[in-house]
Amino acid sequence: MKMKLSEYLEELKIAGMVVSYDLNGQEETPVTSIMYDSREATKGGVFICKGANFSEEYLESALKKGCSAYISEVGYQTKEKSAWILVKDIRRVMPILAAKFYGTDSKNKNLHLTGITGTKGKTTTAYYLKAILDCFEESQNHAETAILSTIEVYDGKERRPSVLTTPEALELHRHIRNAQDAGISYLTMEVSSQALKYQRIRKVQYDVGIFLNISEDHISPAEHGDFEDYFMSKLSLFKQVDTACINLDSDYEKRVCQAAHLANRIVTFGKKEDADVRLMAVRHCGGGLSFRVKCDKFDEEFHIGMQGDFNAENAVAAIAVGYIYGVPAEIMKKALANVKVSGRMEEYKSNDKKITVIVDYAHNRLSFEKLFDSVFQEHSGEKIVTVFGCPGQKAYNRRRELGMIAGLFSHTVY
């Protein structure tokens with residue numbers, strides 16, 4: 001049953017978000033849709049006015065298409081008569097509306113959500129974990145698991161290339177709803193610092209939240225003003241997780257561990273002896289990596305078909321989550337053996353085998369350092385030619401850092 005416009009108003013009042021309003025006789029009108037893109041406007045919908053590039057023309061277009069109300073931080077003198085609600089913070093309002101509209105505001109115990117944050121490795125870890133959970137579900141004749149990543153979106157109903165690392169609140173809750181309706185048991189998603197800072201994941205409670213690592217990135221007027229803002233945004237994930245899964249090898253590990261106490265439970269992973277899920281004896285073999293993982297449930301040898309020591313770190317993060325969810329070690333070993341991730345340490349060779357090309361999405365200082373460290377280990381003594389770019393109006397510090405690192409470790413840079 002669709003909620004009435006007055007019911008959404010009450011939710012926003014309870015949250016302390018309402019500045020003023022006029023429902024214009026639309027109190028009992030059922031809300032048929034909620035959107036912020038005027039191209040998606042429908043009759044009976046509520047239009048959200050948001051974005052730095054918002055134009056009043058978008059609102060007029062939405063109302064002309066039949067939207068009965070709009071929600072905004074500022075009022076507009078519209079040609080079309082409509083209801084309106086003015087709010088304090090449109091970013092904080094969107095998750096409240098999304099959770100109510102899609103019915104995801106109460107915890108669905110049948111869908112286990114995992115959120116992954118970190119400067120580097122989110123995508124690879126997400127696909128390692130998806131492979132583990134897919135294999136686990138297949139062993140029980142259950143459906144493929146869902147994923148929201150930098151590469152693609154799959155929720156049991158939609159499968160398409162991704163637009164944002166972490167979707168806006170309306171899309172995020174739609175995907176959660178779709179996964180629930182499709183009978184999917186697990187949804188794995190990347191959580192960006194921007195999604196955390198701008199409240200996209202509010203009203204989402206994660207069964208597991210993974211903190212991979214941290215280094216300076218996304219520092220610009222358009223993203224985070226400084227490293228502290230970036231770091232605090234990342235740490236805020238722990239406010240919304242039942243089990244915090246943290247990398248003891250990360251920089252600022254003590255601060256991460258302190259923040260993780262916001263969760264009900266902490267599980268650690270990494271190379272340190274006191275890690276709950278410990279990574280050991282990493283070695284290169286057969287075009288990939290073999291390594292040992294030890295915990296209180298198993299002590300096993302694993303193999304992945306991707307190079308780069310950092311991918312062993314990503315794999316043990318996924319194994320730690322499998323451990324939390326009770327996935328047997330044999331299933332995890334089988335799942336990880338053949339995982340490949342698009343644009344992550346993809347290796348190609350020329351016909352004469354004299355040239356090796358590695359394609360990787362490394363785009364920040366930590367990623368570049370890990371990438372070159374891996375190349376030096378696996379291709380010692382060979383000539384290294386690097387091709388990279390740093391376009392866009394964000395993370396200005398990358399331009400100096402990436403150029404400096406590439407120049408230091410390469411024979412030639414393009």
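Colleague: Which residues does T29 touch, not counting residues up to four places away in sequence?

Modeller: This is a predicted model. T29 sits in the loop that runs between β1 (18-22) and β2 (33-35). Setting aside residues up to four places away in sequence, T29 touches M3, K4, L5 and S68.

Colleague: How many Å apart in space are T29 and R177, C-alpha to C-alpha?

Modeller: In sequence, T29 and R177 are 148 residues apart. From C-alpha to C-alpha, their separation in space is 23 Å.

Colleague: How many helices and strands does the chain have, and why is it described as compact as a globular protein of its length?

Modeller: The chain has 12 helices and 20 strands. For 414 residues the globule rule gives 22 Å, and the radius of gyration of the chain is close to that value, so the chain is as compact as a globular protein of that length. The C-alpha atoms fill a box of roughly 75 × 50 × 45 Å along the principal axes. The radius of gyration itself is 23 Å.

Colleague: What percentage of contacts between residues at least 6 apart in sequence join residues at least 24 apart?

Modeller: Burial gives some context, as 54% of the 414 residues count as buried. Among contacts between residues at least 6 apart in sequence, the share that joins residues at least 24 apart is 60%.

Colleague: Which residues is V277 in contact with, leaving aside its neighbours within four places in sequence?

Modeller: V277 is among the residues with the most contacts inside the largest nonpolar core. Beyond its neighbours within four places in sequence, V277 is in contact with V267, T268, F269, G270, V293, K294, C295, V316, I319, A320 and Y323.

Colleague: How many residues does the second, separate core have?

Modeller: This second core is separate and includes L5, M17, I34 and A98. One of these, L5, is also touched by T29. The second core has 25 residues.

Colleague: Which elements do the buried residues of α7 pack against?

Modeller: Helix α7 (residues 227-235) has F227, Y230, F231, S233, K234 and L235 as its buried residues. These buried residues pack against β6 (112-117), α4 (122-138), α6 (193-197), β11 (206-211) and α8 (253-260).

How values were computed
Residues are numbered from 1 along each chain as its sequence is written. This is a predicted model: local features need pLDDT of at least 70, side-chain atom pairs count only at pLDDT 80 or more; totals for chains, interfaces and linings use all residues. Side-chain values use heavy atoms; hydrogens and water are left out. Helices (H or I, at least four residues) and strands (E, at least two) are DSSP runs, numbered from the N terminus. The radius of gyration is taken over C-alpha atoms; the globule rule is 2.2 Å times the number of residues to the power 0.38. Buried means under 20% relative accessible area, exposed over 50%, partly exposed in between (1.4 Å probe, protein chains only). Contact means heavy atoms within 4.5 Å. A nonpolar core is a set of buried Ala, Val, Leu, Ile, Met, Phe, Trp, Tyr and Cys residues joined through side-chain atoms within 4.5 Å.
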